[in-house]
Amino acid sequence: MTRRPPWSAARSAALLPLLAVAGCAGTMDGAGAGRAPAPVEAAQENPIPKSLLWLHGSGEAALLARRTFSDMADYVVAAERRRAGGAAVESAVMAPSATLDAPRWTECGSKPAAVIFDVDETAILNTGANYDAATHGDPPFDAARWARWEEGGADLVEPMPGLASALATMRAAGVTVVFNSNREARFAAQAAAAIRGAGLGEAVHGETLFLRGDIAPGSGKDPRRAAIAARYCVLAMAGDQMGDFADAYNDRALSVAARRQRVATAPAGERIGRGWFLLANPAYGPWDRGGLDDLFPADRRWPRPVAPGTPAP
Ligand SMILES: [Mg+2]
């Protein structure tokens with residue numbers, strides 16, 4: 001007998017009242033024949049986290065991704081065309097001494113063109129790992145679990161909607177596609193296999209694939225971005241976290257509310273849609289440690305009235 005995950009049991013329980021209403025409960029195995037129908041109850045809440053429902057189930061997510069990648073390809077092809085016509089083009093990688101409040105961009109010169117992509121929930125959807133999360137209560141990040149996923153899940157991913165065709169357009173324009181990910185360097189072969197298997201082409205470690213531990217230790221992506229920008233004119237970057245564009249967005253000293261304000265208003269963010277292309281990811285990010293005080297101002301909290309006829313709590 002196949003062992004069913006907790007999700008399956010919860011889902012079945014959620015559906016039972018509906019089946020009873022439809023008169024099916026007594027006919028599925030005959031055991032209910034002659035019994036009174038079960039009372040009508042509201043179906044239980046869908047046990048799948050809304051974040052994963054949106055990411056994997058919504059056409060809205062798919063359409064936004066397609067539009068983002070299409071806009072990116074248009075932007076990159078136009079920039080490369082301007083360069084071919086002799087115009088100076090700025091790198092999408094912030095200059096080393098620049099800040100989010102005073103961003104600066106170096107000229108590309110005649111370096112070959114490239115674009116930089118984050119991998120997880122930017123180039124690929126981690127469908128297998130997200131299924132595991134959906135069926136185990138959406139647990140907090142666990143580095144050991146994630147390492148097992150990196151090592152063994154390469155064939156259980158999907159490409160982000162619309163990305164394959166956008167990459168083909170950019171590659172046809174002579175632009176090199178580089179991936180910069182915080183997947184671990186020791187699993188470089190598996191990362192490349194996931195990208196290849198998703199139909200996104202070849203990624204060569206140290207050339208077009210940079211991972212945690214490459215160039216410098218730690219999860220900061222700036223050193224890897226600088227190494228890529230030293231060789232290429234980086235026309236655009238894509239990511240699902242602002243840290244995919246500049247490490248300065250990952251200031252852990254900021255509260256979630258303060259970081260939201262900073263991300264939304266710092267001048268560097270004006271590059272979103274203009275060299276920085278941001279994917280929506282409601283499943284995880286530097287904001288997911290927020291508490292009620294980060295999200296809901298004290299003067300905007302609704303003290304829901306007790307419904308008429310309901311005993312006071
Ligand atoms: Mg990502």
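Helix H2 crosses helix H4 in a left-handed sense, meaning that the near helix is turned anticlockwise from the far one by less than a right angle. The model is predicted, with pLDDT of at least 70 needed for local features and 80 or more for side-chain atom pairs, whereas totals for chains, interfaces and linings use all residues. Residues are numbered from 1 along each chain as its sequence is written, and side-chain values use heavy atoms, with hydrogens and water left out. Helices (H or I, at least four residues) and strands (E, at least two) are DSSP runs, numbered from the N terminus.

The axes of H2 (residues 50-57) and H4 (residues 127-134) come within 10 Å and cross at roughly 150°. H2 is therefore roughly antiparallel to H4 (angles over 145 degrees). Axes are lines fitted to C-alpha atoms, for helices over the stretch in contact, with angles from 0 to 180 degrees between N-to-C directions. Leu-52, Leu-55 and His-56 of H2 meet Thr-127, Asn-130, Ala-133 and Ala-134 of H4, contact being heavy atoms within 4.5 Å. This contact has four nonpolar, three polar and no charged residues; Ala, Val, Leu, Ile, Met, Phe, Trp, Tyr, Cys and Pro count as nonpolar, Asp, Glu, Lys and Arg as charged, and the others, Gly among them, as polar.

For H2 and H3, the axes come within 5 Å and cross at roughly 55°. The two helices are therefore oblique to each other, the class left after roughly parallel (under 35 degrees), roughly antiparallel (over 145) and roughly perpendicular (65 to 115). Trp-54, Leu-55 and Gly-57 of H2 are in contact with Gly-59, Glu-60, Ala-61 and Leu-64 of H3. Four nonpolar, two polar and one charged residues make up the contact of H2 with H3.

In helix H6 (residues 163-172), Leu-163, Ala-166, Leu-167 and Met-170 are buried (under 20% relative accessible area, 1.4 Å probe, protein chains only). These residues lie on the same side of H6, because their arc around the axis is only 100°, taken from the directions from the helix axis to the C-beta atoms. Their cover includes helix H3 (59-84), strand S3 (113-117) and strand S6 (176-184). Gly-174, with a positive phi near 90°, follows H6.

Positive phi also occurs in residues other than glycine: Glu-121 has a value near 60° and Asp-138 one near 50°. Glu-121 is in the loop between S3 and strand S4 (124-125) and is buried at 1% relative accessibility. Asp-138 is in the loop between H4 and helix H5 (143-152); at 32% relative accessibility, Asp-138 is partly exposed (between 20% and 50%).
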